[in-house]
Amino acid sequence: MELPVSFADYTRALLGDEDYTGLVTSLESEQPVSIRLNLSKPFAFQSPQDRVPWCTSGFYLEERPTFTFDPLFHAGCYYVQEASSMFVEQALRQYMDEEPVVMLDLCAAPGGKSTHVRSMLPENSLLVANEVIRNRAQILAENLTKWGHPGVVVTNSAPSDFTPLEDFFDIILADVPCSGEGMFRKDPVAVSEWSLENVEICWQRQRRIISDIWPCLKPGGILIYSTCTYNTKENEENIRWIRDEFGAEVLPLDVAEDWNITGNLLKGECFPVYRFLPYKTRGEGFFLAVLRKPGTGVRKSGGEQVFALGKAAETPGVRNENSRKKGRKVQGKGMKTPGLSKEQLSALQEWVLAPDKYEFILKDGNVSVFPACYFTELSVLQPVLRVVQAGLEIAGQKGKDWLPSHALAVSQVLASDVFPREEVAYEQAVAYLRKEAVNLSDAAPRGVVLLTYKSIPLGFVKNIGNRANNLYPQEWRIRSGYLPETVKTLTAAL
């Protein structure tokens with residue numbers, strides 16, 4: 001790998017000759033493959049001994065499986081994620097208690113960290129996952145849908161759009177766009193696009209992003225700042241700036257010595273930061289710091305948090321104690337949902353576990369479920385942000401009938417005994433994911449049938465007797481018509 005001369009000179013001065021040589025050597029080696037399991041969708045995964053030590057559900061793999069042709073990957077049973085970035089788990093474990101929180105993942109696509117933190121948040125928490133680039137926001141929504149949790153809002157907005165949401169979030173994860181030095185081994189394009197000028201653009205953009213979203217963080221709230229780059233301008237110098245500009249407290253994390261994480265590289269500074277260097281840790285380059293906003297909130301019983309918002313408390317669109325209480329009265333029975341009769345609503349409620357926990361929302365002929373306890377928060381977000389998806393879509397109208405949506409099939413809210421199930425073999429599972437015809441057994445009943453693969457829900461078909469209509473989303477289908485003779489998946493070599 002031919003590295004830019006200016007990068008080599010800067011990084012050698014930062015790390016020293018010996019460590020710089022180790023870095024260059026590591027960039028010439030094969031990148032490790034790692035996954036993180038979705039613990040809400042257990043499957044027969046033969047856990048290797050090679051765990052990612054800072055992530056309870058992360059594993060290194062000896063070789064790279066054929067993820068595209070693994071039905072369990074499409075079913076949301078695991079996420080392919082770079083191991084170093086799983087370190088976000090430690091920040092949450094060490095600074096998040098068991099009370100419900102409202103969290104923002106600001107630069108979230110394609111969804112690795114969003115799916116990770118959604119699995120870790122306390123029960124009855126809400127995650128807002130945002131991506132400013134429209135097509136990447138759609139990918140983010142797809143990955144979160146497959147992960148299956150209803151307590152998610154996906155947005156497609158600029159960081160500055162969040163500024164009016166004063167004191168709204170308990171935790172903000174800002175995995176800010178950076179010069180990408182830590183991705184050189186993984187992405188050769190990052191090498192060709194790197195320049196000192198781009199580093200300058202990046203650290204200034206990062207400060208603007210933090211300035212935009214800092215008002216959204218509650219007093220006493222946690223900011224997790226991360227990049228995938230090495231230089232101090234985008235890392236330590238930005239953390240120092242946040243500390244000095246906003247009075248933030250830089251927080252330490254307990255880490256094991258054998259994780260080989262590198263600390264602060266900025267001369268004359270000793271605040272705690274955490275660097276992953278690929279010649280020391282098994283992963284790509286990564287940087288993380290945890291900061292606390294000054295001030296304290298008033299925690300109420302039941303996990304409700306109320307903060308003194310001053311003038312903002314009376315600003316339309318900003319939540320306060322009264323709006324929270326009003327929102328808590330909404331009971332998720334959907335009786336006020338326009339366009340749904342009581343009979344239709346009653347039928348759809350049978351498809352969902354604990355339907356009283358959710359609002360049933362009808363929009364453009366589709367019905368979604370959204371946690372009722374955060375219905376007020378959703379009403380605050382909608383006029384401020386571009387909402388791509390709120391909760392999980394469970395049904396779409398076709399003529400006079402309601403068909404279950406694919407999101408329901410792969411969700412955590414599907415009632416287990418509503419739809420008959422048909423187990424399919426590997427070849428049929430791949431055909432289904434290509435949105436091809438699927439042949440069901442003679443015993444399969446007419447109507448909507450839930451296909452399963454290795455007992456994991458894969459999606460719906462509608463059996464009309466002589467054929468089964470494939471209900472898999474057209475835009476998600478496997479587009480490759482090629483199937484290797486030998487396919488290596490997490491569960492078997494096929």
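The model is predicted: local features need pLDDT of at least 70 and side-chain atom pairs count only at pLDDT 80 or more, while totals for chains, interfaces and linings use all residues. Residues are numbered from 1 along each chain as its sequence is written, and side-chain values use heavy atoms, with hydrogens and water left out.

**Whole chain.** Display the protein chain as a cartoon: it has 14 helices and 22 strands (DSSP runs of H or I with at least four residues, and of E with at least two, numbered from the N terminus). Of its 494 residues, 55% count as buried (under 20% relative accessible area, 1.4 Å probe, protein chains only). Contacts are heavy atoms within 4.5 Å; of those between residues at least 6 apart in sequence, 72% join residues at least 24 apart.

**Largest core.** Next, select Phe-162, Leu-165, Phe-169, Ile-210, Leu-223, Ile-239 and Ile-242, which touch the most other members of the 40-residue largest nonpolar core. Such a core is a set of buried Ala, Val, Leu, Ile, Met, Phe, Trp, Tyr and Cys residues joined through side-chain atoms within 4.5 Å. Elements giving two or more residues to this core include β7 (169-175), α8 (196-213), β8 (217-227) and α9 (236-246). Helix α9 gives the most, with 4 residues.

Centre the view on Ile-239. Beyond its neighbours within four places in sequence, Ile-239 is in contact with Tyr-225, Val-250, Phe-271, Val-273, Phe-287, Ala-289 and Leu-291. Then pick Val-52, Ala-129, Leu-144 and Ile-224, which are among the 38 residues of a second, separate core.

**Helix pair.** Select α4 (residues 88-95) and α5 (residues 112-120), whose axes come within 10 Å and cross at roughly 25°. Axes are lines fitted to C-alpha atoms over the stretch in contact, with angles from 0 to 180 degrees between N-to-C directions. Helix α4 is therefore roughly parallel to α5 (angles under 35 degrees). Show the side chains of Val-88, Glu-89, Leu-92 and Arg-93 on α4, which make the contact with Lys-113, His-116, Val-117 and Met-120 on α5.

**Enclosed helix.** Finally, select α14 (residues 426-433), which is largely enclosed by the rest of the structure because 6 of its 8 residues are buried. These are Tyr-426, Ala-429, Val-430, Ala-431, Tyr-432 and Leu-433. Just after α14, Lys-435 takes a positive phi of about 60°.

Notes
Buried means under 20% relative accessible area, exposed over 50%, partly exposed in between (1.4 Å probe, protein chains only). Angles under 35 degrees count as roughly parallel, over 145 as roughly antiparallel, 65 to 115 as roughly perpendicular and the rest as oblique.
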